[in-house]
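Dear colleague,

Please find below the structure that I am handing over to you, together with its sequence. My findings follow directly after it.

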Amino acid sequence: MSEIMWLYPDARTALFIDGPNFHNSAKDMGFDVEYSALLRFFRERSRLSRAFYYTAVDPSGENTPLRRLLDWLSYNGYQVVSKASKEFRDNGGQRRVKGNMDIELAIDMLNMAPYLDHVVLFSGDGDFRRLIEAVQMRGIQVSVVASEDVTADEVQRQADQFVDLSLMRPYIERNIPGQGSNPGVGGEA
């Protein structure tokens, strides 16, 4: 699908990025995301209203790569939504960390819906199928950008447009060697 077919130049557009899902999809495809290029891509092709980035953070990790990325994003055009992850022990005594941001993303998308024409969701998580449907019932086009290999079938079917992340790669891939120290490039650690 070409970019012309799924972007609407006059549409009030918002991006909703499920940080860990998006990061892991790009990593699985063998590239890092340059977040400044991602914003530029949408600013040049739509009326970008907001770009949200969702992730849970380790409450003890003050100066981690993720913390630096979140700081960079918040100063460079993204609205960062985060919360502390929770640590627990499973039945086998193994340490587990939980930090799901699906509810926060869903609430923000529904709250923004009256002010938008187009939503771009960066996640292939099947839990978002009903959210996509609810937003569509408000007359909003929903595009899902994710790796086709790991995106839930029900999300691909529900979206107005499904865009494989590989089509976005040439526009958003970090491709300058030695630039890993810039938090605006790369992703979640």
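**The central sheet**

Six strands make up an open sheet, arranged in the order S3-S2-S1-S6-S7-S8 with parallel pairing. Please bear in mind that this is a predicted model. Strand S3 (79–84) and strand S8 (161–164) are the edge strands, each of them pairing on one side only. From one strand to the next, the twist averages 15°. Strands of a sheet pair through backbone hydrogen bonds, in either a parallel or an antiparallel manner.

Within this sheet, strand S1 (residues 12–18) runs parallel to strand S6 (residues 118–122), and five bridges join the two. Ile-17 has Phe-122 of S6 opposite to it.

**Helices on the sheet and against each other**

Helix H4 (residues 65–75) lies across S3 and strand S2 (47–57), and runs at about 160° to S2. Helix H5 lies across S1, S2, S3 and S6, and its direction is at about 175° to S1.

H5 (residues 102–112) also packs with helix H6 (residues 129–136), at an angle of about 5° and with the axes 10 Å apart. Since angles under 35 degrees count as roughly parallel, H5 and H6 are therefore roughly parallel to each other. On the H5 side, the residues that meet H6 are Leu-105, Ala-106, Met-109 and Leu-110, and their counterparts in H6 are Leu-131, Ala-134 and Val-135. The residues of this contact comprise seven nonpolar, no polar and no charged.

**Aromatic pairs**

The structure holds nine aromatic pairs. In one of them, the ring centres of Phe-16 and Phe-52 are 5.0 Å apart and the planes are at 15°, so this pair is stacked. Because Phe-16 lies in strand S1 and Phe-52 in strand S2, the pair ties together parts that are 36 residues apart in sequence. Phe-16 counts as buried, at 0% relative accessibility, and Phe-52 is buried as well, with a relative accessible area of 3%.

Phe-41 and Tyr-171 form a tilted aromatic pair, 4.9 Å from centre to centre with 50° between the planes. This pair links distant parts of the chain, with Phe-41 in helix H3 (residues 35–45) and Tyr-171 in helix H8 (residues 165–172), 130 residues apart. Phe-41 is buried, with a relative accessible area of 3%, whereas Tyr-171 is partly exposed, with a value of 37%.

Both residues belong to a cluster linked by ring pairs, which consists of Phe-22, Tyr-35, Phe-41, Phe-42, Tyr-53, Tyr-78, Phe-122 and Tyr-171.

With kind regards

Note on methods:
Residues are numbered from 1 along each chain as its sequence is written. This is a predicted model: local features need pLDDT of at least 70, side-chain atom pairs count only at pLDDT 80 or more; totals for chains, interfaces and linings use all residues. Side-chain values use heavy atoms; hydrogens and water are left out. Axes are lines fitted to C-alpha atoms, for helices over the stretch in contact, and angles run from 0 to 180 degrees between N-to-C directions. Helices (H or I, at least four residues) and strands (E, at least two) are DSSP runs, numbered from the N terminus. Angles under 35 degrees count as roughly parallel, over 145 as roughly antiparallel, 65 to 115 as roughly perpendicular and the rest as oblique. Contact means heavy atoms within 4.5 Å. Ala, Val, Leu, Ile, Met, Phe, Trp, Tyr, Cys and Pro count as nonpolar, Asp, Glu, Lys and Arg as charged, and the others, Gly among them, as polar. Two strands pair if DSSP finds at least two bridges between them. Rings of Phe, Tyr and Trp (its six-membered ring) pair if their centres lie within 6.5 Å; planes under 30 degrees apart count as stacked, over 60 as edge-to-face and the rest as tilted. Buried means under 20% relative accessible area, exposed over 50%, partly exposed in between (1.4 Å probe, protein chains only).
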